[in-house]
Amino acid sequence: MVVTPGLRPALGVASECAPLVKTGGLADVAGALPAALARQGWGLRTLIPGYPGVLAALPRAREVAQVPDMFGGPARVLASHAAGLDLLVLDAPHLFDRPGTPYWDASGRDWPDNDARFAALSWMAARIAGGGLAGWRPEVVHLHDWQAGLAAVYLRELATGVPCLMTVHNMAFHGLTGAGRLMALRLPDHGFHPEGFEFFGHINALKAGLVWADAVSTVSPTYARELMRPEFGMGLDGVVRARAADMSGILNGIDTEVWNPATDPHLARPFTTPRGKAANRRALLAEFALTDGGGPVCAVVSRLSEQKGLDLLLQAAPVLTDRGGRLILLGAGDRGLENAWLAAASDGVAVRIGYDEGLSHRIYAGADAILVPSRFEPCGLTQLYALRYGAVPVVALTGGLADTVIDANEAALRAGVATGLTVHPLSAETLAHALQRLCDLYADAPVWSRLRANGMKAPVGWEASAPAYGALYSRLAQAARARDTAAP
Ligand code: ADP
């Protein structure tokens with residue numbers, strides 16, 4: 001059953017994976033990593049939950065394992081290929097066969113049994129690592145975010161001997177549940193203490209991953225440093241500091257095949273140069289029924305949450321529209337923010353509430369600038385799509401945003417390396433100032449065109465990061481082998 005001959009077997013575990021199921025950047029990364037790692041000699045299979053949309057997209061999936069009691073009901077593991085991915089799907093109808101997003105019901109409330117749903121995913125990963133699939137065992141397991149965090153504990157409890165890497169895509173989500181759930185989640189009592197997965201009297205799945213994993217990574221070097229500080233650590237900065245020796249920051253890349261302005265099927269007019277954006281810009285204004293005010297067309301594609309700083313952008317926006325700029329927002333999430341943005345819609349501001357993958361591509365292609373004023377941002381992908389599609393990113397100087405955008409200050413402009421604008425410290429006032437600067441740069445045609453051209457040339461793929469992950473996998477596998485050999 002080794003699906004990709006010649007490649008070393010590894011198992012990825014994620015609650016979402018593009019293009020099958022996506023609510024944010026985690027899905028893009030889980031979907032892009034396997035191809036990037038194949039070039040490093042690793043054959044990554046990805047275990048995801050069998051949500052209705054996933055099962056519907058994989059009609060020819062075949063059963064490779066059965067589990068009679070998967071946290072309250074029977075389950076199967078299905079194997080399938082789709083979109084270049086080698087997938088293992090946990091088909092557990094009592095946990096995953098329901099409408100809504102992977103995490104919430106239709107009214108936006110977390111499913112009450114999310115702890116069991118993702119504990120089941122994590123437990124299955126450990127079972128597979130322990131030999132649960134005939135003929136295939138991974139050398140390394142790669143866990144993504146809290147939904148996979150408990151796998152680090154189960155891998156030890158089941159004595160699989162297989163090492164794991166825990167990657168934090170967002171420290172804000174812990175996967176907390178009550179202490180009374182220990183037995184239901186098949187967790188050992190001996191782990192429930194402050195140096196284990198206990199967190200102020202609760203079980204914390206992310207902390208379990210941080211403490212038990214053989215190595216920890218996050219999605220940018222700056223976020224790796226930020227996580228050690230109380231302002232960013234979300235109560236787990238001490239845990240991260242304790243694991244500093246095993247911690248790395250590996251920048252996310254984007255899938256440059258899927259996100260290629262020259263071949264993008266979502267665009268009426270694919271393009272290869274900044275100049276080629278003009279038709280997409282016109283089409284975008286028309287799609288949002290906006291007129292061209294002569295200033296930059298700015299856009300946001302984002303989850304609407306406190307993290308993203310879009311309340312500050314609402315305050316700063318008049319600066320842009322006063323100068324003939326336009327502002328487009330595509331997003332969904334927090335109801336208060338949705339309503340505030342809908343109320344701000346005007347001749348210069350257009351708002352689309354919802355999730356629309358195709359429209360997001362057309363926005364990156366048509367916009368002059370993409371705005372990302374996040375309060376914190378582990379890596380951020382929208383600024384990378386912006387660079388690739390010749391839209392100038394305007395970003396807060398935090399996390400991966402700081403690692404991927406070079407501010408158009410005088411020195412960087414002179415050196416010809418600027419790719420965007422950075423804002424620090426972040427406030428409505430500094431953001432307004434950045435929008436003024438953006439309008440000034442936009443009005444200076446030669447400077448603007450260099451800025452866009454630099455962005456389109458910026459390295460946004462996996463060229464640097466895939467080898468870093470590959471080396472980390474190899475190190476973990478080697479250390480585990482050495483432990484095995486040393487064992488009596
Ligand atoms: P996060 O993971 O915190 O949501 P990222 O910037 O890492 O932020 O990734 C966001 C991803 O989700 C990008 O691919 C972005 O294009 C996409 N996205 C966010 N909101 C929407 C939306 N409303 N419609 C379409 N795509 C969206």
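Two strands count as paired if DSSP finds at least two bridges between them. Strands (E, at least two residues) and helices (H or I, at least four) are DSSP runs, numbered from the N terminus. This is a predicted model, in which local features need pLDDT of at least 70 and side-chain atom pairs count only at pLDDT 80 or more, while totals for chains, interfaces and linings use all residues. Residues are numbered from 1 along each chain as its sequence is written, and side-chain values use heavy atoms, with hydrogens and water left out.

**Sheet**
- Strand 13 (residues 297-304) pairs with strand 16 (residues 369-372) in the parallel sense over two bridges, and Ala-299 stands opposite Ile-370 in strand 16.
- Both strands belong to an open sheet of six strands with parallel pairing, in the order 15-14-13-16-17-18.
- Strand 15 (349-353) and strand 18 (421-423) each have a single partner strand, so one side of each is left without a neighbour in the sheet.

**Ligand site**
- Of the 19 residues around the ligand (a heavy atom within 4 Å), Lys-22, Gly-25, Asp-28, Arg-303 and Tyr-364 come nearest.
- Strand 13 gives the largest share of this shell, three residues.
- Polar contacts (N or O pairs within 3.5 Å) include 2.8 Å from a ligand oxygen atom to a side-chain N or O atom of Lys-22, and 2.8 Å from a ligand oxygen atom to a side-chain N or O atom of Lys-308.
- A nitrogen atom of the ligand lies 2.8 Å from a backbone N or O atom of Gly-354.
- Alone, the ligand exposes 560 Å² (Shrake-Rupley method, 1.4 Å probe), and the protein buries 93% of that.

Methods:
Polar contact = N/O pair within 3.5 Å; in protein donor to acceptor, adjacent residues only side chain to side chain.
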